[in-house]
Amino acid sequence: MPTAPITGAGGIGSAFATALAPTYTLLLAGRTSERLDAVAQRPGATTPLDLTDAGDIESICEVVDELDFLVHNAGLSIPGRVAEPDIEQWRATFKVNVFGAVALTLQLLPALRSTGGRVVFINSGAGRTVLSGMASYSVSKFALRAFADALRADEPALRVTITFPGRTDIEMQRELIAYEGGEYDAAKFLRPETVAAAVAHAVATPRDGHLD
């Protein structure tokens with residue numbers, strides 16, 4: 001079966017892994033956690049790799065020679081206005097949201113080039129419009145958007161797609177609502193399965209269709 005690397009195991013990533021598990025070998029990347037381990041127990045999934053560990057990424061990805069697509073979904077959010085998170089929290093956010101995506105893409109670039117593969121970035125509405133109280137997250141998502149655009153410009157043989165989902169019913173959303181002091185109502189937000197379905201459509205689009 002073809003290999004499908006997916007970063008981030010919670011919410012959207014988990015829904016997407018469920019959709020692909022019957023027909024793909026899943027290569028899961030993210031921060032080591034019980035949640036990631038649970039997704040990795042599904043049939044067709046590989047042992048998860050730590051997205052913040054460059055050595056881990058290199059050792060697992062070096063066996064992938066050809067790759068049709070790569071999905072970047074991992075995200076870390078630390079609610080806070082500009083001055084509230086300390087510099088180490090800013091670094092942690094960028095390590096997952098930006099540098100992890102860059103490192104994994106670079107490691108898999110030869111395999112993607114060999115097939116003219118597609119790279120999908122699941123960004124956020126915060127990557128278009130800065131959200132109050134989400135300073136480090138918003139800035140990192142703007143940086144991820146720029147990386148996707150740079151990849152598209154410098155690797156024209158690849159198909160690069162970036163999506164900007166609205167607020168979605170995932171744990172990150174619950175943390176943000178708690179930070180805002182509101183009452184959580186899942187019905188007000190997108191379901192992870194809805195976002196995963198849109199991404200699956202992008203992945204399945206024939207080669208003559210290029211979704212930006």
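Leaving aside its neighbours within four places in sequence, which residues is F121 in contact with? The notes below take this up in point 3.

1. Basis. This is a predicted model: local features need pLDDT of at least 70, side-chain atom pairs count only at pLDDT 80 or more, and totals for chains, interfaces and linings use all residues. Residues are numbered from 1 along each chain as its sequence is written, and side-chain values use heavy atoms, with hydrogens and water left out.

2. Overall make-up. The chain has 7 helices and 6 strands. Helices (H or I, at least four residues) and strands (E, at least two) are DSSP runs, numbered from the N terminus. The order from the N terminus is β-α-β-α-β-α-β-α-β-α-β-α-α. Of the 212 residues, 48% count as buried. Buried means under 20% relative accessible area, exposed over 50%, partly exposed in between (1.4 Å probe, protein chains only). Among contacts (heavy atoms within 4.5 Å) between residues at least 6 apart in sequence, 62% join residues at least 24 apart.

3. Main core. The largest nonpolar core holds 22 residues, and L108 and F121 have the most contacts inside it. Such a core is a set of buried Ala, Val, Leu, Ile, Met, Phe, Trp, Tyr and Cys residues joined through side-chain atoms within 4.5 Å. Two or more residues come from each of β2 (25–30), α3 (54–61), α4 (87–115), β5 (118–122), α5 (135–154) and β6 (159–163). The largest share, 6 residues, is from α4. As for F121, its contacts beyond four places in sequence are H72, L144, F147, A148, L151, V160, T161, I162 and T163.

4. Second core. A separate core of 19 residues includes F69, V71, I122 and A196.

5. α4 against α5. The two axes come within 8 Å and cross at roughly 15 degrees. Axes are lines fitted to C-alpha atoms, for helices over the stretch in contact, and angles run from 0 to 180 degrees between N-to-C directions. α4 and α5 are therefore roughly parallel. Angles under 35 degrees count as roughly parallel, over 145 as roughly antiparallel, 65 to 115 as roughly perpendicular and the rest as oblique. The α4 side of the contact includes W90, T93 and F94, and the α5 side includes S136, L144 and F147. By class, the contact residues are 13 nonpolar, 5 polar and 1 charged. Ala, Val, Leu, Ile, Met, Phe, Trp, Tyr, Cys and Pro count as nonpolar, Asp, Glu, Lys and Arg as charged, and the others, Gly among them, as polar.

6. S136. This residue lies in α5. S136 is buried, at 0% relative accessible area. Not counting residues up to four places away in sequence, S136 touches I78, W90, T93 and F94.

7. α1 and α7. In helix α1 (residues 12–20), 7 of the 9 residues are buried, so the helix is largely enclosed by the rest of the structure. The buried ones are I12, G13, S14, A15, F16, A17 and L20. α1 packs on α7 (residues 192–204) at about 55 degrees, with the axes 8 Å apart. That makes α1 oblique to α7. I12, A15 and F16 of α1 meet P192, E193, V195, A196, V199, A200 and V203 of α7. This contact has 9 nonpolar, no polar and 1 charged residues.

8. L76. L76 sits in the loop between β4 (69–72) and α4. L76 counts as buried at 15% relative accessibility. L76 and V98 are 22 residues apart in sequence and 10.0 Å apart in space, C-alpha to C-alpha.
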